[in-house]
Amino acid sequence: MSQEEIWAKQEDINLQAEEGEQRRKNKKRVITNPNQLTGHWSEQEHNTYIDFLNMHRTVMESQDQKKTSKIFKLMSETIGTRSPSQCR
């Protein structure tokens, strides 16, 4: 393999690495619901969260029911300003 072939191959590797970095940098969290907040929870959100936990205690205590009942989606809809991931 000649020196020129090695340089060309290295240049291809560098370009692929740059493209990979650009793809990762451009990947940002998309906010589908503009009413959802980020950061610290407000006192009202926290109180709603605690009330929800108390009302759905049996579901929250069971690992199987938590996975099958989509409880965090329901919790998110109840709170209104947080995503299911944030509730989880």
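A polar contact here is a pair of N or O atoms within 3.5 Å; within protein, one must be able to donate a hydrogen and the other to accept it, and residues adjacent in sequence count only if both atoms are side-chain atoms. The model is a predicted one, so to speak of local features takes a pLDDT of at least 70 and side-chain atom pairs count only at pLDDT 80 or more, while totals for chains, interfaces and linings use all residues. Residues are numbered from 1 along each chain as its sequence is written, and side-chain values use heavy atoms, with hydrogens and water left out.

First, the overall picture. Read from the N terminus, the order is α-α-α-α-α-α. Confidence is given as pLDDT, the predictor's own score for each residue from 0 to 100; its mean over the protein chain is 79, and 73% of the residues reach 70 or more. Helix H1 (residues 3-26) has the lowest confidence, with a mean of 64, whereas helix H2 (residues 43-55) has the highest, at 94.

Of the 88 residues in the protein chain, 16% count as buried; that means under 20% relative accessible area, with exposed set at over 50% and partly exposed in between (1.4 Å probe, protein chains only). The accessible surface comes to about 7600 Å², by the Shrake-Rupley method with a 1.4 Å probe, where for residues only the protein chains shown count as cover. Carbon and sulfur atoms own 49% of that surface. As for contacts (heavy atoms within 4.5 Å), 45% of those between residues at least 6 apart in sequence join residues at least 24 apart.

Next comes the inside. A nonpolar core is a set of buried Ala, Val, Leu, Ile, Met, Phe, Trp, Tyr and Cys residues joined through side-chain atoms within 4.5 Å. The largest one has 8 residues, namely Phe52, Val59, Met60, Ile71, Phe72, Met75, Ile79 and Cys87. Helix H3 (57-61) and H5 are the elements that give two or more residues to this core, and H5 gives the most, with 4. Met60 belongs to this core and, not counting residues up to four places away in sequence, touches Leu53, Lys66, Ile71, Phe72 and Met75.

H5 itself has Ile71, Phe72, Met75, Ser76 and Ile79 as its buried residues. These sit on the same side of H5, because they cover an arc of only 140° around the axis, the arc being that of the directions from the helix axis to the C-beta atoms. An α-helix has 3.6 residues a turn, so residues three or four places apart point the same way. The cover over the buried residues of H5 includes H2, H3, H4 and H6.

Ser69 and Lys70 both lie between helix H4 (63-68) and helix H5 (71-79). Ser69 counts as partly exposed because its relative accessibility is 36%. Its side chain reaches the backbone oxygen of Gln65 at 2.6 Å, and its C-alpha atom is 8.0 Å from that of Val59, 10 residues apart along the chain. Lys70 is exposed, with a relative accessible area of 59%. Its phi is near 55°, a positive value in a residue other than glycine. The C-alpha atoms of Lys70 and Pro84 are separated by 9.0 Å, with the two residues 14 apart along the chain.

At the other end, just after H5, Gly80 takes a positive phi of about 90°. Arg82 lies in the loop between H5 and helix H6 (84-87), and counts as buried because its relative accessibility is 1%. Neighbours within four places aside, Arg82 is in contact with Gln36, Leu37, Thr38, Gly39, His40, Trp41, Glu45, Ser76 and Cys87. Ser83, in the loop between H5 and H6, is buried too, at 13% relative accessibility. Leaving aside neighbours within four places in sequence, Ser83 is in contact with Gln36 and Ser76.
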